Amino acid sequence: EILGQEFQEHVLTKRDLIDLCSHMSNVQESVIPILIFEGVRVSKVDDTDELRYLKKSDFLGNRLVIRGNGKKEPREITLDSDVSDIIKQAIEQEYMLRMVKHEPSIVPLEETDYIIRKTTSSRKRIDTSYDDEVMSFRGVYSRFNACRNQMEALLYDIPFSPQSIATCGK
């Protein structure tokens, strides 16, 4: 009890993540925790990662076809209209607002078939065994951390990691 009130731990909800989207300037960032909440897997290991391999053509309005890197059987996730709208906004986003040398800057996103896209100023991978259009895990995790920072700024005191979001979601 705190000051005579019962303490209840807040459990992350889809509404919390949708609210997060409304407070962030880059949907390319805020879509990441929503996709994880909906059941899309994110991993450092390419064979188990699904999020980085989502293509625009996998988004079918109220459904999302999950193919991963093509080594597993595809599966489908049914989406509600709020989540569908956010994914559509992420697909349509052409620029990201970034801090470059402590100054706000508008940076174009690369034109690729993927939902999560790199900026044109992203570092190029040295390892050429990867599809150059697929965003790195490090890049995705950096965007995820921007969401975590925004959640903290909004005074949410809840666990915010890919694992905790997946547990709260589907």
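Visitor: What does D58 form a salt bridge with?
Guide: R67 is the partner of D58, and the closest N and O atoms are 2.7 Å apart. A salt bridge here is a side-chain nitrogen of Lys or Arg within 4 Å of a carboxyl oxygen of Asp or Glu.

Visitor: What kind of model is this, and which atoms go into the side-chain values?
Guide: This is a predicted model, where local features need pLDDT of at least 70 and side-chain atom pairs count only at pLDDT 80 or more, while totals for chains, interfaces and linings use all residues. Residues are numbered from 1 along each chain as its sequence is written, and side-chain values use heavy atoms, with hydrogens and water left out.

Visitor: Back to that pair. Is D58 buried or exposed?
Guide: D58 is buried, because its relative accessible area is 1%. The cut-offs are under 20% relative accessible area for buried, over 50% for exposed and partly exposed in between, with a 1.4 Å probe and protein chains only. R67 comes out at 38%, so it counts as partly exposed.

Visitor: How many salt bridges are there in the whole structure?
Guide: The search finds 12.

Visitor: Which residues are linked with K14 in a network of them?
Guide: E38 and D80 are linked with K14. For E38 and K14, the closest N and O atoms are 3.2 Å apart. That pair links distant parts of the chain, with K14 in helix α1 and E38 in the loop between α2 (27-37) and β1 (63-66), 24 residues apart. Helices (H or I, at least four residues) and strands (E, at least two) are DSSP runs numbered from the N terminus.

Visitor: And what's the N to O distance between D80 and K14?
Guide: D80 and K14 meet at 2.8 Å, N to O. D80 sits in the loop between β2 (75-78) and α3 (81-92) and K14 in helix α1, so this bridge ties together parts that are 66 residues apart in sequence.

Visitor: Is E38 buried or exposed?
Guide: Buried, because the relative accessible area of E38 is 2%. K14 has 22% relative accessibility, so it counts as partly exposed, and D80 is partly exposed too, at 30%.

Visitor: New topic: L17. Where is it found?
Guide: L17 is in helix α1, residues 14-23. Its relative accessible area is 0%, so L17 is buried.

Visitor: What does L17 touch?
Guide: Leaving out residues up to four places away in sequence, L17 touches L12, P33, I34, F37, F160 and I165. Contact means heavy atoms within 4.5 Å.

Visitor: How far apart are L17 and V83?
Guide: C-alpha to C-alpha, L17 and V83 are 9.7 Å apart in space, and they are 66 residues apart in sequence.

Visitor: On to helix packing. At what angle do α2 and α4 pack?
Guide: About 90 degrees, with the axes of α2 and helix α4 (residues 137-153) 8 Å apart. That makes the two roughly perpendicular. Axes are lines fitted to C-alpha atoms, for helices over the stretch in contact, and angles run from 0 to 180 degrees between N-to-C directions. Under 35 degrees counts as roughly parallel, over 145 as roughly antiparallel, 65 to 115 as roughly perpendicular and the rest as oblique.

Visitor: Which residues make that contact?
Guide: From α2 there are Q28, E29, S30, I32, P33 and I36, and from α4 there are V140, R143, F144, A146 and C147. By class, the contact has seven nonpolar, two polar and two charged residues. Ala, Val, Leu, Ile, Met, Phe, Trp, Tyr, Cys and Pro count as nonpolar, Asp, Glu, Lys and Arg as charged, and the others, Gly among them, as polar.

Visitor: And what's the angle for α1 and α4?
Guide: About 95 degrees, with the axes 10 Å apart, which makes α1 roughly perpendicular to α4. D16, L20 and H23 in α1 meet C147, Q150 and M151 in α4.

Visitor: Last one, aromatics. How many aromatic pairs does the structure hold?
Guide: Three. In one of them, F137 and Y141 have ring centres 5.7 Å apart and planes at 25 degrees, so the pair is stacked. Rings of Phe, Tyr and Trp (its six-membered ring) pair if their centres lie within 6.5 Å, and planes under 30 degrees apart count as stacked, over 60 as edge-to-face and the rest as tilted. F137 and Y141 both lie in helix α4, four residues apart, about one turn of the helix.

Visitor: Which residues do ring pairs link into a cluster?
Guide: F137, Y141, F144 and F160.
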